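Open your viewer and keep the sequence panel beside it. This tour tells you what to select next and what is there.

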Amino acid sequence: MEREVMSFDVVIVGAGVTGLAAACRLKQLAQEHGQEITVCVIEKGSEVGAHILSGAVMDPKALNELFPDWEQRGAPLHTPASEDQIVWLRDAKQHIQIPNWMAPKTMHNQGNYLISLGNLCRWLAEQAEALGVEIFPGFPAAEIVYHDNGAVRGILTGDMGVDKDGQPKSGYIPGMILEGKFTLFAEGSRGHLGKQLMEKFALNAGKDPQHYAIGIKELWDIPAEQHQPGLVIHGSGWPLTDDSNGGFFLYHTDNQQVAVGLIVDLNYRHPGLSPFDEFQRMKHHPVLSQYLKGGKRVCYGARAITKGGFNSLPKMTFPGGLLLGCDAGTLNFSRIKGSHTAMKSGLLAAEAVLDAILNDEVEATTFTDRFQQSWLYEELFSSRHFGPAIHKFGAFWGGAFNTLDQNLFGGNLPIQLRDQTHDHQQLKTSAECQPKVYPKADGLLSFDKLSSVYLSNTNHEEDQPCHLRLLDPELPYQVNIPLYQEPAQRYCPAGVYEVIEEDGQPKLQINGQNCLHCKTCDIKDMGQNIQWCPPEGGGGPNYPNM
Amino acid sequence: MKALVAVKRVIDYNVKVRVKADQSDVDLSNTKMSINPFCEIAVEEAVRLKEAGVINEIVVVSIGDKSCQEQIRAALALGGDRGIQVECATAPSALDVARILANIQQQEQADLLLLGKQAIDSDNNQTGQMLAALLNCPQATCASAVKIEGNQALVTREVDGGLLTVSMPLPAVITTDLRLNEPRFAALPKIMQAKRKPLAVQNLAELGITLTDDVKLLAVNAPAERQGGSKVASVDELIDKLRNEAKVI
């Protein structure tokens with residue numbers, strides 16, 4: 001099919017902090033060099049910020065570099081972190097507060113801000129548009145388009161108006177090609193195009209497998225007397241036990257709200273584990289319920305986190321483009337922070353791309369040097385043991401190791417810790433495990449999945465092809481259901497996967513409309529059989545203030 | 001022939017509406033806002049009439065602060081030719097909206113005034129009717145089909161048990177119902193072009209309008225939480241509960 005083409009100097013996929021920071025920086029640099037550079041950003045969410053979900057406590061380091069006057073410009077960083085608490089939940093009732101000197105230095109948050117990353121993106125988009133960037137929300141990048149010589153030419157946007165059988169409906173608009181001298185991929189964790197680039201250009205050759213976690217988050221309005229703006233609580237332990245790692249966060253943001261969430265490493269082994277239900281019961285622990293009780297939950301969402309860090313970080317450049325931010329894996333898990341590092345990768349990319357455009361090069365090769373000389377590299381390098389230590393020793397002893405490594409050795413303990421097993425290879429079979437039983441939701445602190453998904457404002461046009469595709473539609477019946485009781489039912493935080501009975505036989509039903517675009521299924525499925533593909537533009541959650 | 005289409009910026013229909021803690025209004029902070037779906041249908045109808053060669057200019061007007069320019073641009077991307085934003089910091093009542101639109105119509109002298117039948121936020125279904133009254137022109141509300149023949153508009157409306165078709169001379173007000181059409185997707189190049197289409201900003205003082213504020217919003221309350229259901233053991237128990245607990249039989 002002949003596709004319409006629009007040309008820009010730089011095409012950016014994803015209006016998150018990475019893509020928007022890169023877009024702004026490109027325009028700033030072009031102005032400094034007296035150059036005219038056209039930049040377009042496409043975003044699959046219905047608006048900028050609609051698909052953004054993060055804790056978030058942000059280190060403003062990269063933002064300071066991009067807009068030193070962000071405060072005058074009205075950036076939504078309103079609540080400085082005022083107090084850090086780190087707790088270990090011993091069981092459903094008890095906890096130990098870890099003194100600050102015993103916590104890894106990377107966990108200290110002085111100088112950081114409690115923000116909504118979605119709102120920061122909304123603000124960054126305004127800055128970018130004022131600088132002349134074209135932003136198109138509601139348009140996913142469906143495919144990568146290559147030149148004959150193998151370099152990336154750009155992307156193809158998704159078709160609009162296709163029915164569930166793949167046939168065009170009235171109002172059908174075919175996707176078009178957006179081409180650029182450079183295409184920056186900033187899709188966030190486990191981008192479906194990033195995954196293809198990794199394979200096409202062997203970007204992860206010689207690197208450890210990438211590791212992921214799922215983060216589930218809720219936003220609560222709480223009574224004024226329980227609210228302490230700036231209070232940051234992190235913790236680990238109960239209810240995650242034996243063979244799963246993770247931790248929770250509870251941030252007292254502005255507007256009398258708290259953001260509360262649980263992060264569960266996706267290398268967990270028990271096929272009956274349900275991150276959603278662990279999170280729901282965790283909120284009953286007094287450490288959390290003391291703030292949440294009497295409050296009202298106002299938003300819910302979930303997103304995968306790329307957390308392999310330095311050891312898993314792929315090569316980020318290739319002919320015609322770059323892979324950036326969480327799409328590559330720049331998050332610093334030792335600080336549970338990825339926004340500042342993702343932004344920094346965008347800033348470095350903008351510099352390297354401008355260089356390459358001015359010198360008429362097809363690959364932004366100066367990126368690697370710029371990266372290695374930056375604080376971003378330094379930060380990721382010194383935290384390289386953190387994730388593997390927790391995978392190897394568990395959250396408690398791994399955490400103790402990290403305190404030693406970070407506080408006494410500055411991340412330079414002379415040992416090698418690696419984690420070579422893919423997250424999807426970790427599950428034991430159901431027969432090897434005791435079934436897990438979760439308490440029923442009380443409707444006050446804990447809730448069921450569907451009423452939670454309701455609060456994500458997610459929506460997909462019903463009459464369209466299912467955007468969660470099985471490479472082998474028989475595999476669930478041969479492996480997932482008989483051996484693991486289909487764990488997708490439990491790790492999906494949105495109830496997309498359901499095993500129902502049809503004519504006495506189990507049937508895997510995929511409720512694509514509920515999808516939160518968290519990508520957990522694409523990561524954790526044992527056979528790597530589930531392919532997350534972008535649905536029609538504008539589909540997915542509509543997160544406010546997340 | 002010229003069409004004037006009014007569009008309202010409302011909370012997106014996918015967003016679950018949340019009442020502010022002080023019940024003063026609905027919480028709109030950082031929520032997705034869109035063109036009111038009925039207004040979008042009005043824009044689409046105007047564009048189809050233009051494509052059919054019936055009208056040659058589509059003017060899109062919205063009332064609100066600067067943020068409603070986003071909705072005007074969206075309407076221009078669908079096929080509108082130029083936009084007018086009437087700067088207004090507060091949410092005017094239906095009558096005030098009609099007065100403002102009547103004033104714009106005095107300037108524009110459009111032949112066809114296309115409006116959504118109601119906005120999904122306030123659900124008034126009043127503005128089109130008030131506008132026709134102020135302009136002293138005919139009106140056809142809740143249109144499910146529109147045909148222009150010469151100087152006449154033929155408008156079909158869905159009524160109980162069938163269809164009612166009315167005919168009226170132009171200029172006239174038509175308000176749109178859900179099944180009039182299905183709005184198109186805006187294509188990327190059209191979105192880019194829309195950024196360069198003319199958009200004039202007018203303020204109330206220029207138009208000589210003082211808001212009457214004839215409707216006051218007293219409070220917004222969330223609906224009562226749904227009570228959980230329960231299982232019954234037998235038909236008898238069900239009947240007993242329906243009779244004595246729910247008191248519906």
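How many bridges join strand 5 (residues 83-89) of chain A to strand 15 (residues 231-237) of chain A? Seven, and the two strands run parallel.

Some ground rules come next. This is a predicted model, where local features need pLDDT of at least 70 and side-chain atom pairs count only at pLDDT 80 or more, while totals for chains, interfaces and linings use all residues. Residues are numbered from 1 along each chain as its sequence is written, and chains are lettered from A and ligands numbered from 1 in the order in which they are written.

**Stop 1: strand 5 of chain A**

Helices (H or I, at least four residues) and strands (E, at least two) are DSSP runs, numbered from the N terminus. Two strands pair if DSSP finds at least two bridges between them. Select A:Glu83. Its bridge partner in strand 15 of chain A is A:Leu231. Now select strand 6 (residues 95-98) of chain A. Strand 5 of chain A pairs with strand 6 in the antiparallel sense, over four bridges. Here A:Trp88 stands opposite A:Ile96. A hairpin of five residues joins strand 5 of chain A to strand 6 of chain A. In a regular strand, side chains alternate between the two faces of the sheet.

**Stop 2: where the chains touch**

Two residues are in contact if their C-beta atoms, placed from the backbone, lie within 7 Å. Show both chains. The contact takes 27 residues from chain A and 18 residues from chain B. On the chain A side, helix 3 (117-130), strand 8 (134-137), strand 11 (160-162) and strand 12 (168-173) each supply at least two residues. The chain A side divides into 11 nonpolar, 12 polar and four charged residues. In this count, Ala, Val, Leu, Ile, Met, Phe, Trp, Tyr, Cys and Pro are nonpolar, Asp, Glu, Lys and Arg are charged, and the others, Gly among them, are polar.

**Stop 3: the core**

A residue is buried if 20 or more other C-beta atoms lie within 10 Å of its own, exposed if 12 or fewer, and partly exposed in between; C-beta atoms are placed from the backbone. A nonpolar core is a set of buried Ala, Val, Leu, Ile, Met, Phe, Trp, Tyr and Cys residues joined through C-beta atoms within 7 Å. The largest such core has 206 residues, and those that touch the most other members include A:Ile12, A:Ala22 and B:Val5. Helix 8 (residues 339-358) of chain A gives the most to this core, with 11 residues. Center on A:Ala22. Not counting residues up to four places away in sequence, A:Ala22 touches residues including A:Ile12, A:Leu184 and A:Ala349.

**Stop 4: helix 4 of chain A**

Select residues 192-200 of chain A. In this helix A:His192, A:Leu193, A:Gly194, A:Leu197 and A:Met198 are buried. Just after helix 4 of chain A, A:Ala202 takes a positive phi of about 45°.

**Stop 5: chain B**

Chain B has seven helices and 11 strands. Of its 249 residues, 39% count as buried. Go to helix 7 (residues 235-245) of chain B. Is it covered or hardly covered? Hardly covered: the count of buried residues among its 11 residues is zero. B:Lys247 follows helix 7 of chain B, with a positive phi near 55°.

**Last stop: B:Pro183**

Find B:Pro183 in the loop between strand 10 (172-176) and helix 5 (188-194) of chain B. B:Pro183 is partly exposed, because 19 other C-beta atoms lie within 10 Å.
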